[in-house]
Amino acid sequence: MERKELICIGCPLGCNLTVEMDGAQVVSVSGNTCKRGDDYARKELTDPRRIVTSTVPVKGGNLPVVSVKTASDIPKGKIRECLMELKSVKLVAPVHIGDVVVKNAADTGVDVIATKEIRCS
């Protein structure tokens, strides 16, 4: 059995978690004060995922860039590929919150969306 130590990011408490592993299988999670800690530990050690945030240039807008993020979390191993796709994107104003900037980013099935309104200048 292998023991892993994590700090939970599932809620503001930041519990110190101890996870017992048998190979790639989570056997037990302790130290969590809520169910989110158990869920977080299991997911983090078997299928780590992240929300990706970045910015994309906007031509003709009241601001030069728009903030973007993945609509949901993507596999941690796909982050670089997602960011490389975003590097080639250039938008034209106007841009609306929720506009899809990249569809199916890095073949994850998750879209990248705008998180800010950009008006025409």
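Visitor: Which residues does L91 touch, not counting residues up to four places away in sequence?
Guide: L91 touches V56, P57, V58, K59, V66 and V101. Contact here means heavy atoms within 4.5 Å.

Visitor: Before we go on, what kind of model is this?
Guide: This is a predicted model, in which local features need pLDDT of at least 70, side-chain atom pairs count only at pLDDT 80 or more, and totals for chains, interfaces and linings use all residues. Residues are numbered from 1 along each chain as its sequence is written, and side-chain values use heavy atoms, with hydrogens and water left out.

Visitor: Back to the inside. How many residues has the largest nonpolar core?
Guide: The largest nonpolar core has 20 residues. Such a core is a set of buried Ala, Val, Leu, Ile, Met, Phe, Trp, Tyr and Cys residues joined through side-chain atoms within 4.5 Å. Buried means under 20% relative accessible area, exposed over 50%, and partly exposed in between, with a 1.4 Å probe and protein chains only.

Visitor: Which residues have the most contacts inside it?
Guide: Those are V56, V66, C82, L86, L91, V101 and V112. At least two residues of this core come from each of β5 (53–59), β6 (65–70), α2 (79–87), β9 and β10. Helices (H or I, at least four residues) and strands (E, at least two) are DSSP runs, numbered from the N terminus. Another core, of 10 residues, lies apart from this one and includes C8, L17, V29 and A41.

Visitor: Why would nonpolar side chains be buried together?
Guide: In soluble globular proteins, they tend to be.

Visitor: New topic. Is E20 buried or exposed?
Guide: E20 is buried, at 19% relative accessible area. It counts as buried because the cut-off is under 20%. E20 is part of strand β2 (residues 16–22).

Visitor: What does the side chain of E20 join in a polar contact?
Guide: The side chain of R3, at 2.9 Å. A polar contact is a pair of N or O atoms within 3.5 Å; within protein, one must be able to donate a hydrogen and the other to accept it, and residues adjacent in sequence count only if both atoms are side-chain atoms.

Visitor: Where is the cis peptide bond?
Guide: From A93 to P94, with omega near 5 degrees. P94 sits in the loop between β8 (91–92) and β9 (100–102).

Visitor: And A106, buried or exposed?
Guide: A106 is buried, at 0% relative accessibility. Its phi is positive, near 50 degrees, in a residue other than glycine.
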